[in-house]
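Subject: Structure handover

Hello,

Please find the structure below. My notes on it follow.

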Amino acid sequence: MTDTITSPDHSSAAYLDAYSRINAMVIVGEGLADRHFRLLAAAIPADAKTLQVLAAMEGRHARDFVGCGANLGVKPDTPLARSLFAPLHALFLEANRAGDRVACLVIQCLIVECFAVAAYRCYLPVADVYARPITAEVLKDEALHLSYGEDWLRPRFQQVAAGVVACCQRAVPVALSMLERLKPDLETIGIDPVELVGEFMACFQESLQAIGFSPARSRQVLTELAVSALA
Ligand SMILES: [Fe+2]
Ligand SMILES: [Fe+2]
């Protein structure tokens, strides 16, 4: 994959302008992940300590990516990022208010974390020299967050399977729609949006299988989501 990538000019005006929006998405996404894990810590008292540790990691990620923007002299477009994340964050808060721990875990630990993993995997080969080692470290942490959700859902598969699918049907299209606005900026910083969606789908299918869905069923869930996104 890396042999087809041409590294962007990290100092061009176009790069820095696009980075102000992508960097803001990352910072806001990490900040929301911090908040979601703190809410999960309250919702799952038995795992509160673990979840607070994961929340703290997300807070650190947000600060590290603030540093990446500052290193390039970029001011992140935080209001835009907040507005793009608002519908997904609202779904999380709605699930949290309803006491729906399954939906909360699907939104944060599967959907948001798979997006983070996919985005950072695609960003890593085109990142500037300051951001690259930071992104590589963050990527390792996101895999742990994904595993937490999988490990909670897997032993309860029979009880949670229908809820997982229902949540995916609502929340995955919301997550994918965030990408629409960011397509040109992703391209400018060297990320192919189609490759990013492909990485997300692959990561998400792996997660569905990790919690107990058969390969055929997980493919079917994703195909239905792709079809509804095109409708
Ligand atoms: Fe993170
Ligand atoms: Fe994470």
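Helices (H or I, at least four residues) and strands (E, at least two) are taken as DSSP runs, numbered from the N terminus. In those terms, the protein reads α-α-α-α-α-α-α-α along its sequence, with 8 helices and 0 strands in total. The radius of gyration is 17 Å, close to the 17 Å from the globule rule for 231 residues, so the protein is as compact as a globular protein of that length. That radius is taken over C-alpha atoms, and the rule is 2.2 Å times the number of residues to the power 0.38.

Two notes on the source. This is a predicted model, in which local features need pLDDT of at least 70 and side-chain atom pairs count only at pLDDT 80 or more, while totals for chains, interfaces and linings use all residues. Residues are numbered from 1 along each chain as its sequence is written, chains are lettered from A and ligands numbered from 1 in the order in which they are written, and side-chain values use heavy atoms, with hydrogens and water left out.

On the overall form, the C-alpha trace spans about 50 × 35 × 30 Å along its principal axes. Of the 231 residues, 51% count as buried (under 20% relative accessible area; exposed is over 50% and partly exposed in between, with a 1.4 Å probe and protein chains only). Among contacts (heavy atoms within 4.5 Å) between residues at least 6 apart in sequence, 80% join residues at least 24 apart.

The protein holds two iron ions to look at. Donors here are N, O and S atoms within 2.8 Å of the metal (3.2 Å for Na, K and Ca); water is not among the atoms, so sites may look incomplete.

The iron ion (ligand 1) is coordinated by Glu 30 through two OE atoms, Glu 58 (OE), His 61 (ND1) and Glu 142 (OE), at 2.0 to 2.8 Å. Its donor residues are spaced E-x27-E-x2-H-x80-E in sequence. This site links distant parts of the chain, since His 61 is in helix 2 and Glu 142 in helix 5, 81 residues apart. His 61 counts as buried at 2% relative accessibility, and Glu 142 is buried with a relative accessible area of 1%.

Glu 58 lies in helix 2 (residues 48-71) and His 145 in helix 5 (residues 131-153), 87 residues apart. Both Glu 58 and His 145 are buried.

The iron ion (ligand 2) and the iron ion (ligand 1) are 3.4 Å apart, and Glu 58 coordinates both.

Regards
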